[in-house]
Amino acid sequence: MPHGAIKFMSIRLKVILPYLLLTVVVSVIGVYVVTRLVSKTVEERLTNQLLEAGRVVSDSFVRQEVRHVETARIIAYTSGLAEALADEDSQTVLTLARPAFSGLGLENLILISPQGHELVHLILDEKGELQRVEQDTGAGDSSIVTPFLISKNPEEPPRRALGVNLVNNQTYYYTSLPVGLNGKFSGVIVVGTSIRNILPFLKNTALADVIFYGGDGQAIGSTLGVGDQHVLDLLSITKEEYEQSIVTKEKVVQGSNIEIGGRSYSVARGPLQVGNDRIGVFAVALSLDSVLEYGMATRTTYVILFTIVFLFVLGIGLVVTRLIIKPLFSLVNTSQAIAGGDLKQRTGIQTNDEIGTLANTFDEMTARLEQRTLELEQKNQILRNIDKTKTNFIQISAHELRTPLTLIMGYSQMLEQDAKNNPELMALAQGILEGSERMTTIVESMLDVSRIDSNTLFLRKTGLRLDLLIRKVNKGFEKAFEERDIKMTTDGLDELPLIPADPDLLQKVFYHIIMNAIKFTPDGGSITVSGKYLNGSEPPQVEIAIHDTGIGIEPALQGLVFEKFNQSGDVLLHSSGRTKFKGGGPGLGLAIARGIVEAHGGQIRVESPGYNEQTCPGSTFFVSLPTGKQSEENL
């Protein structure tokens, strides 16, 4: 596949993939929302139905308690009942309570005196006939009666509990209420309804089977297999599970699935709370068959629906994406052609949308770029011609100047010999000779630059000791150091290994760098030349650092100091002396140094905090040169 085709595919994927992924995500979320949050999964639908059934059970008990309280108050307000209770007149209490018991359809009624004696206990037997219980069943010591007997406050709110009546061993839902007369406590009324009679009503209203548990976890009543002790044993839980369920803060404590009569049920337990009291634990059981069938049908329907919608949306997306990508392909092709140098290429897109605007702008930019490129090529060609002419002029001038300079130096030396006895003539001859020598140095620099530019610099490498080379260079500047009061020191040079280098050319490198340091260091300053062996480098190198206390170099100009004819500051303000402070020159020394160092395979750079003639932050030139294998063997 061509390289361009790979890029096109990349663009296609970048445009299509986000849309495709977004469509998939939306579809998956849609299926999830519908099947799990709207249609409900099997577990969630089951849990919600169990919660709803639990609320129905709790509400039923609340309504039952309201009926209990209303009935108890009717009996309590029966004329003469409070006085009879206070006087422990059981016969009068029975006479007053019996008609109310029958007329209000009660199942169990207990009347207790302020002293805690059970005066009247009425209960319906299994045949539905009223029966008076003669013995004391211990109701006065129950948890819903004792607090009233202790506080003797007729204004206390009702209390409720699940309890077993010892007369028939049936579990009842009891509500107790204090009886008062003129603000005085007169006794307690306890009204009870058997769980056995509550269960059928809950079965119809809760749309689920209901189970009630005793304090030890034993199932005491259930709409599953009514009256079947074996079923109640299967439904029972441990005491720990009972205690966990009655104190839990969760809405539902999910129990394990059970199987009764060949059908599977999911069971959820929770505390039976009436008012602020948790009076026991109940559970609701729901058959799994209908839920599973409904869940599977719903899930299948919505998965198919969302698959169709997904494919439809994906098709629309592909069409829309193609309309977007096609002009982008044209833009990519054009940009690649322009990157390859074909500035005549155009997109050819003619649309009235944003991509069309982008394409037109791109074509206009390309046209202007083509025009500017042509202009730059023409100017670059002119600059190349000028640079070539300059290089040729320098080379020719240098060669042409060498001959007359040689003659001038020769005659000056002869004149110097003949003028030994004429001091005035001797000074003139020496002046001519010094000027000729400086001119010769400049010509040699021009020739070095010419050789570097034309890559004709020839290296005569030999094993070289840098300490001796630096010492030789410094010796040539002794007079300048003395005149300018500049202190020259060296450090670590005698510990450096031999390096393969051209002695004459490398001498020029340090000559130009040290002379540059002298020129830009004020009188009384110092120059330090130090060296170190970089054995960890690859290849191993020696690094020479020439540090001065001069005026420094601006950070923006540090990369330009190695360019030809570069001058620091105003050239017209420079002094004419070679080693004078801020002395002038042709601006070739550091360019020559860089060319020679790079010809040796090394590097040269400069570091300086900045330029300041008052604080003199100084500069440090670093010259790194490879040592070669021979030098490593000599260590």
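Is R465 buried, partly exposed or exposed? I found R465 partly exposed, with a relative accessible area of 42%; buried means under 20% relative accessible area, exposed over 50%, and partly exposed in between, with a 1.4 Å probe and protein chains only.

I note that this is a predicted model, in which local features need pLDDT of at least 70 and side-chain atom pairs count only at pLDDT 80 or more, while totals for chains, interfaces and linings use all residues. Residues are numbered from 1 along each chain as its sequence is written, and side-chain values use heavy atoms, with hydrogens and water left out.

Entry: salt bridges. I took a salt bridge as a side-chain nitrogen of Lys or Arg within 4 Å of a carboxyl oxygen of Asp or Glu. The count by this rule is eight. R465 pairs with D467, and their closest N and O atoms are 2.7 Å apart. D467 is buried, at a relative accessible area of 7%.

I next looked up E543, which forms a salt bridge with K532 at 3.8 Å between the closest N and O atoms. This pair links distant parts of the chain, with E543 in strand β17 (residues 541-548) and K532 in strand β16 (residues 526-534), 11 residues apart. Helices (H or I, at least four residues) and strands (E, at least two) are DSSP runs, numbered from the N terminus. E543 is buried at 10% relative accessible area, and K532 is partly exposed at 45%.

I then recorded R594 and E563, whose closest N and O atoms are 3.5 Å apart in a salt bridge. R594 lies in helix α15 (residues 589-599) and E563 in the loop between β17 and α15, 31 residues apart. Salt bridges that share partners join K532, E543, R605 and E607 into one network.

Entry: helix α14. Of the 17 residues of α14, 13 are buried, so the helix is largely enclosed by the rest of the structure.

Entry: hairpin. I found strands β7 (residues 209-213) and β8 (residues 219-222) antiparallel and joined by three bridges; two strands pair if DSSP finds at least two bridges between them. Five residues separate β7 from β8 in this hairpin, and G217 in the turn has a positive phi of about 95 degrees. I211 stands opposite S222 in β8.

Entry: helix α9. I located F312 in α9 (residues 288-339). F312 is exposed, with a relative accessible area of 57%.
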